[in-house]
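Hi,

Here is the structure I said I would pass on.

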Amino acid sequence: MRGVAPSLTALTRISAFARAAPAFFRGLSGAAEDAVEAGLRRVLGESFADKMSRVPLTLGPTGIDAFGLDPHWARPAFLAVALLHRKYFRTEVHGIENVPHGRVLLVANHAGQIPLDGALIAAAMFMDAEPPRLVRAMVEKWAVGLPFVSMLFARVGQVVGVPENATRLLLQEEALLVFPEGVRGVAKTFEHRYELADFGSGFMRLAVETRSPIVPVAVVGAEEQYISVANFEGLAKLLGMPAFPIVPQILLPGGLFPLPTRYRLWFGEPMRFSGDPDEDDAVVEEKVWLVRQTVQAMLATALEQRKHVFW
Amino acid sequence: MTPVSASDGAARAGAVLITGICGRLGKQLARALHRQGPVVGVDRRPFPDKPKDILHSQVDIRRKKLKDVFRASDVRAVVHLGVLHDPRASAADHHSWNVAGFAKLLEYVTQFRVPKLVLLSSANVYGPQPSNPQFLTEDAPLLGGQNFSDIRDLIELDMLAQSFFWKLPETETVILRPVHILGTVHNAPSNFLRKDPIVSILGFDPMMQVMHQADVVRAIELALRPGVRGVFNVAGPEPASLSQIIKILGRQKISIPYGVTRAVVSRMWSWRLTSFPPPEIDHIRYVCMVDDRRARQTLGFAARMSLEQTVLAVDEGRW
């Protein structure tokens, strides 16, 4: 009999806790939400809802767009990127007023092992452009199979990298960010920094087909954030990954984080191309070359003006 | 004597033959059509509570007796709903029923010069893949069978019907590829959403399109209008994520890692504890959404049911 009483009190305690737990966690998540809201207000200078209300978007009645973009859900991610943009990388943004309203293709150089450059361009377009824009970008099909990653990408407005999606977004008058270098750019080793890899030509056909202006973007700073000494392509292929870089700095304490280089984003004048989207490769290549040269030239000027990598 | 409905005269002469009329969707279609004109039903199951003016023949569509049905009534349209989807039926039975049965049906459509053929295919013929564009058009390859062999019959049927466009141009062939149909029907998506708690894959929350069974019936009615032919993706209200759908239902959601789900479902499948074939898990992992522009423009179809009505329809008629 004596053993029963303590176990009964334990049971009541447990059940009391179980009853209180949902409220507790709801309170906790409510507090976290308030913190995110306050953080966003501080870093944006206005409430997130006010900022979002000026973004031209086609959200359904459920507050989520057909591609899975859910700005409300993604607020913590927006806050994290906003802090990276303002505090960690202290990005300098030049010429963002060049980005026209309506459909536009942002074409940038790609580097830095992880695509933070994309996140910072998106942050600049959201925080520094008026009206603010939510940039859509294309992700590797490989990433769509990864749990959480695929969900996060969809919720912040990234879409699977197939031409049909790109065309549809541009026809919806959205701003689309493309990195024509693709994985060749991100996986660049350190000695090749600021040397553009070959550009694919898909973006040009897309621009011609949808009559979208192209805004060349030069990103300075990403190329030094992780110092990659080699890329084991064979191993990457074996593991089904796009690249397998060797980055010695990750062995240092805190080395998983990118180096706090200062980012500089230069948005160029819009370029408009016309013609037939199905024309010969040689003709398209010429136009692609023009864009590539523009980005390369912008990179050269930006590097010249840069006093230091870190500030 | 051919009964002619008062409303649209000669255009409505002749009967609509519905295969698989005893399924829940078939019954609803029959109820919607029998007021407008004669309806003939074919199914190997009985139709106990059928409206009096519906002629029902309890035959197997693979049998010669089907020809008598065509001979007896002046058929103006064939609606093929009788696709066997039962995942527990043997592969051989499945295949012979679906493919041989449909081939027989096509033979009689040719022989009796039926002016209209409607096949209810499914958007699942495209299959959920990580590399899918967000909206698949009717021209997208039918890759559903890549990982899920049970859908290959349906793809074959879809292809057979497509070959009819040029084999028998005088028959107006319509292939409807609706997204997940929800309602009192006993199909995989409705059965899945009737579960409580509903399983989702940890770290995945794909966008989905669903449509109400009543909207499917309306799409079939529109496809029966003279002059309509072609392949149409049909979608319901705006897309929603799986978690939003679960929220509308007010059910518990449990998220389980993919590997575990797959292993458990495979085991349960082999022990006959679940009616969900393991490859179908991909539907709650990757997108398989369609572009229904053609149906909206050419067919004039627009879903009448809202997302809430559509999703909540899975609980209707339960007690």
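What percentage of the 319 residues in chain B is made up of buried residues? The answer is 45%. Bear in mind that this is a predicted model, so everything here is computed from it.

Staying with chain B, there are 10 helices and 13 strands. Its C-alpha trace spans about 60 × 40 × 40 Å along the principal axes. A compact globule of 319 residues would have a radius of gyration near 20 Å, and chain B agrees with that because its value is 19 Å. If you take the contacts in chain B between residues at least 6 apart in sequence, 76% of them join residues at least 24 apart.

Now to the inside. The largest nonpolar core has 157 residues, and A:Leu106, A:Ile121 and A:Val217 touch the most other members. Helix H4 of chain A (residues 116-127) gives this core its largest share, with 10 residues. Leaving out residues up to four places away in sequence, A:Val217 touches A:Leu106, A:Val107, A:Ala108, A:Ile121, A:Leu265, A:Trp266 and A:Phe267.

Then there is the place where the chains meet: 20 residues of chain A are in contact with 17 residues of chain B. On the chain A side, at least two residues each come from helix H5 (141-144), helix H6 (149-155), strand E4 (159-160) and helix H7 (163-171). The largest share, 3 residues, is from H7(A). Sorted by class, that side of chain A has 11 nonpolar, 6 polar and 3 charged residues.

Cheers

Terms used
Residues numbered from 1 in each chain as written. Chains lettered and ligands numbered in written order. Predicted model: local features only at pLDDT ≥ 70, side-chain atom pairs only at ≥ 80, totals over all residues. Core = buried A, V, L, I, M, F, W, Y, C linked by C-beta atoms within 7 Å. Buried ≥ 20, exposed ≤ 12 C-beta atoms within 10 Å, placed from the backbone. Helix = DSSP H or I, 4+ residues; strand = E, 2+ residues; numbered from the N terminus. Contact = placed C-beta atoms within 7 Å. Nonpolar A, V, L, I, M, F, W, Y, C, P; charged D, E, K, R; others polar. Rg over C-alpha atoms; globule rule 2.2 N^0.38 Å.
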